Amino acid sequence: MKRIAILGSTGSIGTQALNVIRSHRDLFSVEVLCAGSNADLLIEQAIEFEPNAVVIADKGKYQQVQDALDHHDIKVFAGADSMADLMEMDSIDLVLASIVGFAGLKPTLRAIEHHKPIALANKETMVVAGKIVTESAIKNHVPILPVDSEHSAIFQCLIGETHNKLDKILLTASGGPFLGKDREFLEQVTLADALKHPNWSMGRKVTIDSASLMNKGLEVIEAKWLFGVEVDQIEVVVHPQSIVHSMVQFEDGSIKAQLGVPTMETPIQFAFSFPNRIESPLPRLSFEQHSQLTFTKPDTETFRCLPLAYEAIRRGGNIPCVMNAANEVAVQKFIDGSLRFIDIADFVGNQMAQARFIPNPTLDDLFETDNIIRNQSR
(Lines give C-alpha, C1' and ligand atoms only; values in the text may rest on other atoms or scores of the structure.)
Protein backbone atom coordinates (compact mmCIF):
# COMPACT_ATOMS: atom_id res chain seq x y z
CA MET A 1 0.00 0.00 0.00
CA LYS A 2 1.51 3.31 -1.11
CA ARG A 3 0.45 6.23 1.10
CA ILE A 4 0.04 9.44 -0.90
CA ALA A 5 -0.05 13.11 0.04
CA ILE A 6 -1.89 15.30 -2.47
CA LEU A 7 -0.91 18.95 -2.67
CA GLY A 8 -3.87 20.56 -4.41
CA SER A 9 -6.50 17.87 -3.88
CA THR A 10 -9.48 19.97 -4.97
CA GLY A 11 -7.99 21.08 -8.29
CA SER A 12 -8.21 19.32 -11.64
CA ILE A 13 -5.16 17.10 -11.12
CA GLY A 14 -6.01 16.39 -7.51
CA THR A 15 -9.56 15.24 -8.24
CA GLN A 16 -8.35 13.02 -11.09
CA ALA A 17 -5.68 11.56 -8.81
CA LEU A 18 -8.41 10.63 -6.35
CA ASN A 19 -10.22 8.88 -9.21
CA VAL A 20 -7.09 6.77 -9.72
CA ILE A 21 -6.91 5.95 -6.02
CA ARG A 22 -10.64 5.18 -5.98
CA SER A 23 -10.05 2.55 -8.69
CA HIS A 24 -7.05 1.01 -6.87
CA ARG A 25 -7.76 1.08 -3.16
CA ASP A 26 -5.77 -2.12 -2.77
CA LEU A 27 -2.62 -0.30 -3.96
CA PHE A 28 -2.96 3.32 -2.84
CA SER A 29 -4.29 5.20 0.17
CA VAL A 30 -4.55 8.90 0.98
CA GLU A 31 -2.33 10.08 3.82
CA VAL A 32 -2.67 13.87 3.47
CA LEU A 33 -5.02 16.17 1.53
CA CYS A 34 -4.10 19.81 0.99
CA ALA A 35 -6.40 22.40 -0.58
CA GLY A 36 -6.38 26.14 -1.15
CA SER A 37 -9.81 27.52 -0.33
CA ASN A 38 -12.38 24.96 -1.50
CA ALA A 39 -13.38 23.82 1.97
CA ASP A 40 -16.60 22.06 0.88
CA LEU A 41 -14.83 19.73 -1.55
CA LEU A 42 -11.94 19.13 0.85
CA ILE A 43 -14.40 18.04 3.53
CA GLU A 44 -16.14 15.72 1.06
CA GLN A 45 -12.81 14.19 0.02
CA ALA A 46 -11.66 13.76 3.61
CA ILE A 47 -14.82 11.94 4.65
CA GLU A 48 -14.53 9.56 1.69
CA PHE A 49 -10.79 8.82 1.82
CA GLU A 50 -10.12 9.22 5.57
CA PRO A 51 -6.60 10.67 5.43
CA ASN A 52 -4.39 11.09 8.47
CA ALA A 53 -4.48 14.88 8.05
CA VAL A 54 -5.89 17.67 5.90
CA VAL A 55 -4.73 21.25 5.33
CA ILE A 56 -6.81 24.19 4.17
CA ALA A 57 -4.46 26.98 3.06
CA ASP A 58 -7.16 29.64 3.57
CA LYS A 59 -7.02 30.13 7.34
CA GLY A 60 -10.47 31.71 7.28
CA LYS A 61 -11.93 28.31 6.33
CA TYR A 62 -10.23 26.39 9.16
CA GLN A 63 -13.18 26.34 11.56
CA GLN A 64 -15.54 25.13 8.85
CA VAL A 65 -13.27 22.19 8.06
CA GLN A 66 -12.56 21.47 11.72
CA ASP A 67 -16.25 21.41 12.64
CA ALA A 68 -17.18 19.19 9.69
CA LEU A 69 -14.46 16.64 10.52
CA ASP A 70 -14.81 16.85 14.29
CA HIS A 71 -16.20 13.31 14.61
CA HIS A 72 -13.67 11.79 12.21
CA ASP A 73 -10.18 10.68 13.16
CA ILE A 74 -8.59 13.31 10.91
CA LYS A 75 -6.20 16.07 11.99
CA VAL A 76 -7.01 19.51 10.57
CA PHE A 77 -4.46 22.25 9.90
CA ALA A 78 -4.54 25.61 8.16
CA GLY A 79 -2.12 27.85 6.28
CA ALA A 80 0.61 27.40 3.67
CA ASP A 81 3.27 26.76 6.32
CA SER A 82 1.29 23.81 7.67
CA MET A 83 1.14 22.39 4.15
CA ALA A 84 4.95 22.42 3.98
CA ASP A 85 5.36 21.13 7.54
CA LEU A 86 3.20 18.05 6.92
CA MET A 87 5.54 16.99 4.11
CA GLU A 88 7.93 15.87 6.87
CA MET A 89 5.58 13.07 8.00
CA ASP A 90 7.28 9.65 7.99
CA SER A 91 4.02 8.00 6.92
CA ILE A 92 4.05 9.64 3.46
CA ASP A 93 5.40 7.40 0.68
CA LEU A 94 4.77 9.72 -2.31
CA VAL A 95 3.82 13.38 -2.75
CA LEU A 96 1.67 14.50 -5.67
CA ALA A 97 2.66 18.14 -6.22
CA SER A 98 -0.35 19.54 -8.07
CA ILE A 99 -0.82 23.01 -6.59
CA VAL A 100 -1.01 25.47 -9.46
CA GLY A 101 1.60 28.23 -9.57
CA PHE A 102 4.47 29.47 -7.39
CA ALA A 103 2.63 28.33 -4.24
CA GLY A 104 3.70 24.75 -4.96
CA LEU A 105 7.42 25.44 -4.63
CA LYS A 106 7.84 25.55 -0.84
CA PRO A 107 5.98 22.32 0.09
CA THR A 108 7.56 20.45 -2.83
CA LEU A 109 11.07 21.42 -1.73
CA ARG A 110 10.26 20.48 1.86
CA ALA A 111 9.08 17.07 0.70
CA ILE A 112 12.29 16.54 -1.29
CA GLU A 113 14.41 17.56 1.69
CA HIS A 114 12.65 14.85 3.70
CA HIS A 115 13.29 12.20 1.05
CA LYS A 116 9.77 11.93 -0.33
CA PRO A 117 9.45 10.82 -3.97
CA ILE A 118 7.63 13.48 -6.01
CA ALA A 119 4.94 12.99 -8.63
CA LEU A 120 5.30 16.41 -10.22
CA ALA A 121 2.31 18.14 -11.78
CA ASN A 122 3.31 21.66 -10.73
CA LYS A 123 5.43 22.89 -13.65
CA GLU A 124 5.96 26.31 -12.08
CA THR A 125 8.17 24.70 -9.41
CA MET A 126 10.67 23.72 -12.10
CA VAL A 127 10.24 26.94 -14.06
CA VAL A 128 11.04 29.15 -11.08
CA ALA A 129 13.65 27.04 -9.31
CA GLY A 130 14.61 24.17 -11.61
CA LYS A 131 18.30 24.25 -10.71
CA ILE A 132 17.64 24.33 -6.97
CA VAL A 133 14.96 21.62 -7.13
CA THR A 134 17.01 19.22 -9.27
CA GLU A 135 20.13 19.71 -7.14
CA SER A 136 18.11 19.02 -3.98
CA ALA A 137 16.56 15.91 -5.54
CA ILE A 138 20.00 14.57 -6.46
CA LYS A 139 21.43 15.38 -3.02
CA ASN A 140 18.53 13.66 -1.23
CA HIS A 141 18.30 10.73 -3.69
CA VAL A 142 14.68 11.61 -4.48
CA PRO A 143 13.05 10.63 -7.78
CA ILE A 144 10.91 13.23 -9.55
CA LEU A 145 8.27 11.45 -11.61
CA PRO A 146 6.62 13.73 -14.19
CA VAL A 147 2.82 13.89 -14.28
CA ASP A 148 2.26 16.45 -17.06
CA SER A 149 1.15 14.34 -20.02
CA GLU A 150 3.98 15.66 -22.23
CA HIS A 151 6.73 15.07 -19.69
CA SER A 152 5.33 11.70 -18.71
CA ALA A 153 5.43 10.78 -22.41
CA ILE A 154 9.07 11.87 -22.72
CA PHE A 155 9.93 9.96 -19.54
CA GLN A 156 8.26 6.81 -20.87
CA CYS A 157 10.08 7.14 -24.21
CA LEU A 158 13.44 7.41 -22.42
CA ILE A 159 12.99 4.32 -20.24
CA GLY A 160 15.59 1.76 -21.28
CA GLU A 161 17.53 4.32 -23.34
CA THR A 162 20.07 5.31 -20.66
CA HIS A 163 23.11 4.64 -22.85
CA ASN A 164 21.67 6.11 -26.06
CA LYS A 165 22.32 9.75 -26.87
CA LEU A 166 19.24 11.95 -27.06
CA ASP A 167 19.21 14.31 -30.01
CA LYS A 168 15.97 16.20 -29.51
CA ILE A 169 12.76 16.37 -27.49
CA LEU A 170 9.62 16.97 -29.54
CA LEU A 171 7.12 18.56 -27.17
CA THR A 172 3.60 18.44 -28.56
CA ALA A 173 1.03 21.22 -28.13
CA SER A 174 -2.67 21.09 -28.96
CA GLY A 175 -2.66 24.75 -29.97
CA GLY A 176 -5.54 25.44 -27.61
CA PRO A 177 -8.90 26.99 -28.55
CA PHE A 178 -7.36 29.72 -30.75
CA LEU A 179 -5.27 27.57 -33.07
CA GLY A 180 -5.04 29.25 -36.48
CA LYS A 181 -6.44 32.58 -35.26
CA ASP A 182 -4.69 35.90 -35.90
CA ARG A 183 -3.99 38.84 -33.60
CA GLU A 184 -7.07 40.71 -34.77
CA PHE A 185 -9.22 37.78 -33.63
CA LEU A 186 -7.42 37.58 -30.28
CA GLU A 187 -8.21 41.22 -29.55
CA GLN A 188 -11.86 40.27 -29.12
CA VAL A 189 -11.72 36.99 -27.18
CA THR A 190 -13.49 36.63 -23.85
CA LEU A 191 -12.74 34.57 -20.78
CA ALA A 192 -15.39 32.07 -21.85
CA ASP A 193 -13.66 31.73 -25.23
CA ALA A 194 -10.27 31.07 -23.62
CA LEU A 195 -11.70 28.38 -21.34
CA LYS A 196 -13.09 26.28 -24.21
CA HIS A 197 -10.16 23.90 -24.65
CA PRO A 198 -10.94 21.45 -27.45
CA ASN A 199 -9.33 18.37 -25.89
CA TRP A 200 -8.37 18.70 -22.22
CA SER A 201 -10.30 19.32 -19.02
CA MET A 202 -8.09 21.52 -16.82
CA GLY A 203 -8.30 24.29 -14.26
CA ARG A 204 -8.81 27.90 -15.37
CA LYS A 205 -5.21 29.07 -15.03
CA VAL A 206 -3.72 26.16 -16.98
CA THR A 207 -6.44 26.41 -19.64
CA ILE A 208 -5.77 30.11 -20.20
CA ASP A 209 -2.02 29.41 -20.33
CA SER A 210 -2.74 26.75 -22.93
CA ALA A 211 -4.69 29.26 -25.01
CA SER A 212 -1.78 31.75 -24.95
CA LEU A 213 0.88 29.00 -25.42
CA MET A 214 2.49 30.12 -22.16
CA ASN A 215 1.71 26.66 -20.81
CA LYS A 216 3.90 25.19 -23.54
CA GLY A 217 6.61 27.69 -22.71
CA LEU A 218 6.51 26.62 -19.08
CA GLU A 219 6.75 23.01 -20.21
CA VAL A 220 9.85 23.80 -22.32
CA ILE A 221 11.60 25.10 -19.22
CA GLU A 222 10.38 22.17 -17.13
CA ALA A 223 11.67 19.72 -19.74
CA LYS A 224 15.13 21.29 -19.69
CA TRP A 225 15.48 20.62 -15.97
CA LEU A 226 13.71 17.26 -15.81
CA PHE A 227 15.70 15.70 -18.62
CA GLY A 228 19.00 17.59 -18.45
CA VAL A 229 18.96 18.88 -22.02
CA GLU A 230 19.84 22.21 -23.61
CA VAL A 231 16.96 24.47 -24.53
CA ASP A 232 17.87 24.22 -28.23
CA GLN A 233 17.19 20.48 -28.01
CA ILE A 234 13.52 21.12 -27.22
CA GLU A 235 11.23 21.67 -30.20
CA VAL A 236 7.53 22.47 -29.85
CA VAL A 237 5.26 20.79 -32.38
CA VAL A 238 1.56 21.68 -32.71
CA HIS A 239 -0.53 18.50 -32.77
CA PRO A 240 -4.23 19.45 -32.56
CA GLN A 241 -5.53 15.93 -31.91
CA SER A 242 -3.63 15.56 -28.59
CA ILE A 243 -3.06 11.85 -29.22
CA VAL A 244 0.75 11.88 -29.46
CA HIS A 245 1.66 13.27 -26.05
CA SER A 246 5.32 13.91 -26.94
CA MET A 247 8.28 12.30 -28.71
CA VAL A 248 12.04 11.91 -28.42
CA GLN A 249 14.55 11.69 -31.25
CA PHE A 250 17.87 9.89 -30.83
CA GLU A 251 21.17 10.53 -32.58
CA ASP A 252 20.49 7.84 -35.20
CA GLY A 253 17.34 9.74 -36.26
CA SER A 254 14.92 7.26 -34.69
CA ILE A 255 11.88 8.79 -32.99
CA LYS A 256 9.88 7.23 -30.15
CA ALA A 257 6.43 8.54 -29.30
CA GLN A 258 3.91 7.87 -26.53
CA LEU A 259 0.24 7.88 -27.58
CA GLY A 260 -3.03 7.69 -25.73
CA VAL A 261 -6.41 9.31 -25.21
CA PRO A 262 -6.23 12.84 -23.77
CA THR A 263 -6.76 12.23 -20.05
CA MET A 264 -4.53 13.12 -17.12
CA GLU A 265 -5.50 10.01 -15.19
CA THR A 266 -3.14 7.88 -17.28
CA PRO A 267 0.08 9.80 -16.46
CA ILE A 268 -1.06 10.23 -12.85
CA GLN A 269 -1.55 6.49 -12.50
CA PHE A 270 1.82 5.77 -14.14
CA ALA A 271 3.60 8.08 -11.69
CA PHE A 272 1.81 6.41 -8.78
CA SER A 273 2.57 2.84 -9.90
CA PHE A 274 6.04 3.33 -11.47
CA PRO A 275 7.96 1.22 -12.38
CA ASN A 276 4.91 -1.00 -12.90
CA ARG A 277 1.93 -0.51 -15.19
CA ILE A 278 -1.41 -1.46 -13.69
CA GLU A 279 -4.86 -2.03 -15.11
CA SER A 280 -6.89 1.06 -15.97
CA PRO A 281 -10.66 1.39 -16.53
CA LEU A 282 -10.11 4.32 -18.93
CA PRO A 283 -11.14 4.15 -22.61
CA ARG A 284 -8.58 2.83 -25.10
CA LEU A 285 -7.30 4.76 -28.10
CA SER A 286 -9.16 3.96 -31.30
CA PHE A 287 -7.22 4.59 -34.51
CA GLU A 288 -10.48 4.35 -36.43
CA GLN A 289 -11.69 7.45 -34.61
CA HIS A 290 -8.30 9.17 -34.98
CA SER A 291 -7.28 8.21 -38.50
CA GLN A 292 -5.45 11.49 -39.15
CA LEU A 293 -2.72 12.87 -36.91
CA THR A 294 -1.24 16.20 -38.00
CA PHE A 295 1.81 18.21 -36.93
CA THR A 296 2.75 21.85 -37.64
CA LYS A 297 5.00 24.59 -36.32
CA PRO A 298 3.61 26.95 -33.66
CA ASP A 299 2.70 30.49 -34.70
CA THR A 300 5.15 32.40 -32.50
CA GLU A 301 4.35 35.74 -34.15
CA THR A 302 0.77 35.63 -32.91
CA PHE A 303 1.32 33.65 -29.70
CA ARG A 304 4.32 35.44 -28.25
CA CYS A 305 4.27 33.87 -24.81
CA LEU A 306 6.10 30.83 -26.18
CA PRO A 307 9.13 32.80 -27.46
CA LEU A 308 9.12 34.74 -24.16
CA ALA A 309 9.61 31.46 -22.32
CA TYR A 310 12.53 30.52 -24.58
CA GLU A 311 14.01 33.96 -23.91
CA ALA A 312 13.56 33.54 -20.16
CA ILE A 313 15.37 30.21 -19.94
CA ARG A 314 18.16 31.38 -22.25
CA ARG A 315 18.74 34.44 -20.05
CA GLY A 316 18.52 32.22 -16.98
CA GLY A 317 19.02 33.40 -13.42
CA ASN A 318 15.84 34.79 -11.91
CA ILE A 319 14.22 35.71 -15.24
CA PRO A 320 12.04 32.56 -15.47
CA CYS A 321 10.80 33.47 -11.98
CA VAL A 322 10.01 37.00 -13.21
CA MET A 323 8.17 35.61 -16.21
CA ASN A 324 6.15 33.18 -14.11
CA ALA A 325 5.09 35.78 -11.52
CA ALA A 326 4.11 38.31 -14.18
CA ASN A 327 2.14 35.68 -16.05
CA GLU A 328 0.24 34.56 -12.94
CA VAL A 329 -0.78 38.16 -12.29
CA ALA A 330 -1.64 38.74 -15.97
CA VAL A 331 -3.86 35.65 -16.09
CA GLN A 332 -5.69 36.77 -12.96
CA LYS A 333 -6.16 40.24 -14.49
CA PHE A 334 -7.62 38.61 -17.60
CA ILE A 335 -9.96 36.56 -15.44
CA ASP A 336 -10.99 39.71 -13.55
CA GLY A 337 -11.58 41.58 -16.81
CA SER A 338 -8.88 44.23 -16.32
CA LEU A 339 -6.52 42.94 -19.05
CA ARG A 340 -7.25 41.76 -22.58
CA PHE A 341 -6.08 38.30 -23.61
CA ILE A 342 -4.00 39.80 -26.44
CA ASP A 343 -2.10 41.94 -23.90
CA ILE A 344 -0.88 39.10 -21.68
CA ALA A 345 2.37 38.67 -23.65
CA ASP A 346 3.15 42.42 -23.59
CA PHE A 347 2.42 42.52 -19.87
CA VAL A 348 4.84 39.64 -19.18
CA GLY A 349 7.49 40.89 -21.61
CA ASN A 350 7.54 44.34 -20.02
CA GLN A 351 8.16 42.87 -16.57
CA MET A 352 10.98 40.70 -17.94
CA ALA A 353 12.60 43.73 -19.60
CA GLN A 354 12.49 45.87 -16.45
CA ALA A 355 13.39 43.30 -13.79
CA ARG A 356 16.69 43.30 -11.92
CA PHE A 357 18.71 40.37 -13.20
CA ILE A 358 20.21 37.97 -10.64
CA PRO A 359 22.46 35.46 -12.46
CA ASN A 360 22.73 32.86 -9.65
CA PRO A 361 19.71 33.35 -7.40
CA THR A 362 19.32 31.68 -4.03
CA LEU A 363 15.94 30.41 -2.91
CA ASP A 364 15.51 33.63 -0.90
CA ASP A 365 16.30 35.65 -4.04
CA LEU A 366 13.56 33.81 -5.92
CA PHE A 367 10.97 34.41 -3.22
CA GLU A 368 11.95 38.10 -3.16
CA THR A 369 11.81 38.31 -6.96
CA ASP A 370 8.37 36.71 -7.01
CA ASN A 371 7.10 39.13 -4.37
CA ILE A 372 8.53 42.22 -6.10
CA ILE A 373 7.17 41.29 -9.53
CA ARG A 374 3.71 40.51 -8.17
CA ASN A 375 3.54 43.85 -6.35
CA GLN A 376 4.77 45.77 -9.39
CA SER A 377 2.43 43.90 -11.73
CA ARG A 378 -0.61 44.53 -9.59
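This passage describes the overall build of one predicted protein model and then several of its helices and loops.

The model is predicted, so local features need pLDDT of at least 70, side-chain atom pairs count only at pLDDT 80 or more, and totals for chains, interfaces and linings use all residues. Residues are numbered from 1 along each chain as its sequence is written, and side-chain values use heavy atoms, with hydrogens and water left out.

The protein chain has 16 helices and 11 strands. Helices (H or I, at least four residues) and strands (E, at least two) are DSSP runs, numbered from the N terminus. The C-alpha atoms fill a box of roughly 55 × 45 × 40 Å, taken along the principal axes.

Of the 378 residues, 56% count as buried. Buried means under 20% relative accessible area, exposed means over 50%, and partly exposed lies in between (1.4 Å probe, protein chains only). The protein chain exposes about 16,600 Å². Carbon and sulfur atoms supply 48% of that area. Accessible areas come from the Shrake-Rupley method with a 1.4 Å probe; for residues, only the protein chains shown count as cover.

Contacts (heavy atoms within 4.5 Å) were also counted along the sequence. Among contacts with a separation of 6 or more, 68% are between residues 24 or more positions apart. The protein chain has 34 positive and 48 negative charges, and their mean positions are 2 Å apart. Lys and Arg count as positive and Asp and Glu as negative, while His and the chain ends are not counted. Each charge is placed at NZ of Lys, CZ of Arg, CG of Asp or CD of Glu.

Helix H2 spans residues 39-49. Its buried residues are Ala39, Leu42, Ile43, Gln45, Ala46 and Phe49. Seen down the axis of H2, they fall within an arc of 165°, so they line one face of the helix. The arc is that of the directions from the helix axis to the C-beta atoms. The face turned away from the buried side carries the exposed residues Asp40 and Glu44. The buried residues of H2 pack against helix H1 (12-23), strand E2 (28-35), strand E3 (53-56) and helix H3 (62-68). Glu50 is exposed, with a relative accessible area of 58%. Its phi is positive, about 50°, although Glu50 is not a glycine.

Helix H10 covers residues 204-212. Of its 9 residues, 8 are buried, so H10 is largely enclosed by the rest of the structure. The buried residues are Lys205, Val206, Thr207, Ile208, Asp209, Ser210, Ala211 and Ser212. Their cover includes helix H6 (123-139), H9, helix H11 (214-227), helix H13 (305-315), helix H14 (319-336) and helix H15 (344-354). Leu213 follows H10 and lies in the loop between H10 and H11. Leu213 is buried, with a relative accessible area of 6%. It has a positive phi of about 70° although it is not a glycine.

Leu191 is found in helix H9 (residues 191-194). At 22% relative accessibility, Leu191 counts as partly exposed. Not counting residues up to four places away in sequence, Leu191 touches Arg204, Ile208, Phe334 and Ile335. Leu191 and Ile208 are 17 residues apart in sequence, and their C-alpha atoms are 8.3 Å apart in space.

Ser152 lies in helix H7 (residues 149-158). Ser152 is buried, with a relative accessible area of 1%. Leaving aside neighbours within four places in sequence, Ser152 is in contact with Pro146, Val147, Pro267 and Phe270.

Pro275 sits in the loop between helix H12 (265-273) and H13. Pro275 is exposed, with a relative accessible area of 62%. A cis peptide bond joins Phe274 and Pro275, with omega about 10°. Pro275 and Gly180 are 95 residues apart along the chain, and their C-alpha atoms are separated by 39 Å.
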